[in-house]
Structure formats: structure tokens, C-alpha cells
Amino acid sequence: MHGPLTSIEGKKKRKRFSAAARDRVLTVVSPVVVLSIWQCASQMGLMDARFVPSPVSIATAAVRLTQSGELWTHISISLWRLSLGFIVGAVPGFLIGLLMGLSRWARAILDPLVSATYPIPKIAILPLIMLLFGVGEASKVAIIAIAVVYLVLLNTMTGVMTIDRIYFDVAKNYGASWRKTFTRLIFPASLPLIFAGLRLSIGVALIVIVSAEFLAAKAGIGYLIWTSWETLVIENMFVGLIVITVLGVVATAILRELEQALVPWRRE
Amino acid sequence: MAVAAMSAKIAIEGLSKIFEGRERDFQALDNISLTVADGEFVSIVGPSGCGKTTLLRIMAGLETPSHGRMAMRRSGKSSGPISAMVFQEHSLYPWLRVIDNVAFGLEMRGVPKAERHERANVLLQMVGLSKFSRHYPGQLSGGMKQRVSIARAFANDPEILLMDEPLAALDAQNKVLVQDELLRLWEMTKKTVVYITHSIDEALLLGDRVVIMGSLPGRITEVLDVPFGRPRDLIDIRAEKAFSEISVHIWHSLEAEVLRARTLDLH
């Protein structure tokens, strides 16, 4: 009698402490544990502080950089380049992708160009971009835009092309105008893949902006990382690394929220 | 004959459809002639590949015939378009809420939002889905989705409803329930219906007439009058002797067609 009762209670208890809650706790606990081990190892002299500074000294550097306003300068310039490059790349990427998805003609004409140039590593053409746009801001914005345009273009095109035929039959049967077919069918149907393109773009844009700032910039997170390394202020370099990571995480989170707001039917 | 022609809602004469293929053409429909009266419920039954869906798509204006003609006569009884189609599964827009799916045809015709929602709500009530008006189709079961599809077509208030195996994917119990709802809606609105199915039972249960089609090429082999009155009880009707007799007759007719098509297929 006793045995089975306790086992049922045990099951209930496990249910109250859901798997999701456990996951959340673990996500917080695991980095804390890693950081603690790291800090201890540094203090015990197990790691060379010149190359791998302790978490506390990195935090101190972060506070110092924040107070001097230096960090914000770098963040804001990188953010500005990223956002502008994103818009300049995503808008034509969407429009051309749409055109290629809808028109066989456009596809036949543009697809060879897109396929041939897409595999070029974007950072490889930075010298060319600087030749065309100068060493100033325009070249940074341009290189991000170029990285973003392909991903948004290809995803939008696929999104449009994979719309089920039956949806077009429905639109036609109910006498939808071209404008309504676009706003009620083509655009919402391709939104999930457009967002997939934007998500991929964030990662690529971060790689490109940091690399470009390594090579040719006087400010920005990439510049902070690179000059800190050159001058062996390794704490600052780590601050830069953390900031760029946080930027990526925050941008992805914002995009996810936006997607949930605009693509509510995809939830669950 | 003259009287019949006068009340004809749909007149199809010598209609053929040939799909041009890369290697050889495929004749989907051959010399189809059919007249559907105003307010009539006509079932079309036939084996897969007999071109019944193509015939319906031509009626819906989604395909053009290769030869022959098809005419639909407006009676001016309804405010809506001449026809609306109820598609097979998965034709609801997943990104629109149920209410907006039902109101879709009205929106396309420029009916203001408040008015079209009001109308859509009436239809949702008729198919018993008022509670789900704010849901997305992905949150509904297959049976509910098809009821929404039917509501969408009725909401647009067409004179003719063209239905392409709308209940084929439903389980047996759901099918009977939705058939019943469909019949009630039809009896209330007295619209002309062309209903495609591969189920003999369904064709008999719902239709005033059953058109039997054969394949290779797709053509009409027989047209039967269904002797059951209205309104019909979909369960009781199955117990009638005439039901099983006609159903067996259609079965033999289709079987002969399928066997003939198989021998043709071998060549």
C-alpha cells in the first residue's frame, strides 16, 4: 500500500518541477560554474594572466571602458554600421528575391549572376569595396549590405517559390486582385523564410563587421578587439569579445520577438 | 427539353481538355456535355484520373477548355460571384485567422471589415465553429478545417458551389457530420452545387443526380437520378433498398471502367 502511493507522489513532484524550469536553471548555473572555475584557476596561477585574464579583471576593464565612454563609442559606431548595412542589404534582397520567386524570366536572367557570386567570401572583396567606396563608413556599410543581400534574396526567393499552388488557386477563384494576392498571400506566406534569411544574416553580418573593423577602421568593436590585442591589453580584448557576443544574442532575440509578432500562426 | 434548358444553371457542351506534354499530349476530358439545373445538387463520381477535378477547375475558371464550351447563367438571386470553389484539404491560409479565412472572398470583393466579419460570423455559427473564429487553421482538426472551407465558400454567397472532394481526408464519423452540415446549409440557401467525390456513398447521399465518369480519356459514362427526397437523413437513407441497389449499380459501372483503363494503361 505504501509503496505505490509514494511512487505516485514522486511522479507528481517531478511534474511540478517542469523540464523547462530545470533547463532555465541549468542555463544560468552552467556559465556561473565555468566562470567560477576560471576565476579560481586564475587566482591560483594556473592560467597566465597576460594571455587569459581572470573574469574579475575583465569586468573591471569593462567598467573602466564604460566609464570613460570609450566602449559606448565603439558599440554605437558598430551598431550604426550594422543597422544601416542590414537595411541597405535586406530591402533590395527582399525585392529581388520576390521578383526572382515570382518571375521565371527574372530567375533565368539573375540566377546565374547570384549563384556565381554568392560563394565568394564577403570579406575577400573588402579591398575592392574600399576601392569603390573609399576607406570611410560607406565601405563598411556596403560590405555588410553585400553579405546580407544574398541571404535575404535566396531565402525570399525560396519562400515565394515554395508557396503551395492551391493557395494561388484560392486567390484566383475568389477574384483576388494582384495587390491583394501580394498582401494576403505572397508576403505572409514567404515571411517565415524571410525571417530565416534575416537570422542567418545576423551571424554573417557580425563576422563581416568585425573583420572589416580589424582591417580598416578607427573605431568599432572589431577595432577595439584588434588594437587591444596589438597593445596587449588583453582584458579590453575580452571585453570586445563579450560585447560582440551580446550584440549577436540581443539582435537574434529582437528578431525572434519580431517574428513572433509578425508570424503568429507559426507559434507551436 | 426546352423547359430544362431554360432553367439550366450550368451548360457544358462538347467540352474537351488536352494537356500538352513534352512527349505526347494527354487527353484529360473528351466531349463532356452536362446540364445542371438551378438549385440542383449534382455529384460527380469517378476513378482517379478520370478528369473530374479538371472538369471542376474548368467550371471554376482555373483552367481553360481545349474545345467545346461551358456557360453559367446568372439568376441575380445572390449578391456574390457566379461560383466559388471548396478545395481539397489544406486550402485555408494558415496566416489568417479562421474569421478572416471565412471572410476572404468578401474581402476580395471590397466588403468593409465590420460587414464581412458579421457575415463570416453567421456562417461560422452555422458550421458550429463560432468559438474558433480567432484561431489559426493550424490549431484546428481536419474536420474543422473543412467546415471552415465550406463556410468560406458560402460566406461569399456565390450562385454555384464547386466542391472538389472536400471531405476525402476526413475520418468516417467526421465525414457524416460535415456532410450533414453541408446538406443543411445547401437546403437553407438552395444554391447549385457540383460535388466531386470518389465515394459512391457520398455521391448518392448528397446528390439529386449522380454523374459517373470513366477514364482514358475522361468522359461521362452515365447519369443517374437519385430517388430520395429532401430533406434527407444521412443515416436512415442507407437502410433503404434503393440505396444499396443504386450503389451496387454504380460500383459495377466504375469497376468496368477501372478494368478497362487498366488494360489501356498497359499499352
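**Exercises on a predicted two-chain model**

The centres of domain 1 and domain 2 of chain A, taken over C-alpha atoms, are separated by 37 Å. The model is predicted: local features need pLDDT of at least 70, side-chain atom pairs count only at pLDDT 80 or more, and totals for chains, interfaces and linings use all residues. Residues are numbered from 1 along each chain as its sequence is written, and chains are lettered from A in the order in which they are written.

**Exercise 1.** State the bounds of the domains of chain A.

*Solution.* Domain 1 covers 2-43 and domain 2 covers 55-266; such bounds come from an automatic or database domain assignment.

**Exercise 2.** Determine the strand order of the open sheet in chain B and identify its edges.

*Solution.* Step 1: strands are DSSP runs (E, at least two residues; helices are H or I, at least four), numbered from the N terminus, and two strands pair if DSSP finds at least two bridges between them. Step 2: the six strands of chain B follow the order β5-β6-β7-β3-β8-β9, with mixed pairing. Step 3: β5 (83-86) and β9 (219-225) of chain B each have a single partner strand, so one side of each lacks a neighbour in the sheet.

**Exercise 3.** Describe the pairing of β6 and β7 of chain B.

*Solution.* Strands β6 (residues 160-164) and β7 (residues 192-197) of chain B run parallel, joined over five bridges. Within β7(B), B:V193 is the bridge partner of B:L161.

**Exercise 4.** Characterise the contact between the chains.

*Solution.* Contact requires C-beta atoms, placed from the backbone, within 7 Å. On this basis, 18 residues of chain B meet 14 residues of chain A. The largest share of the chain B side, three residues, comes from α4(B).

Terms used:
Two residues are in contact if their C-beta atoms, placed from the backbone, lie within 7 Å.
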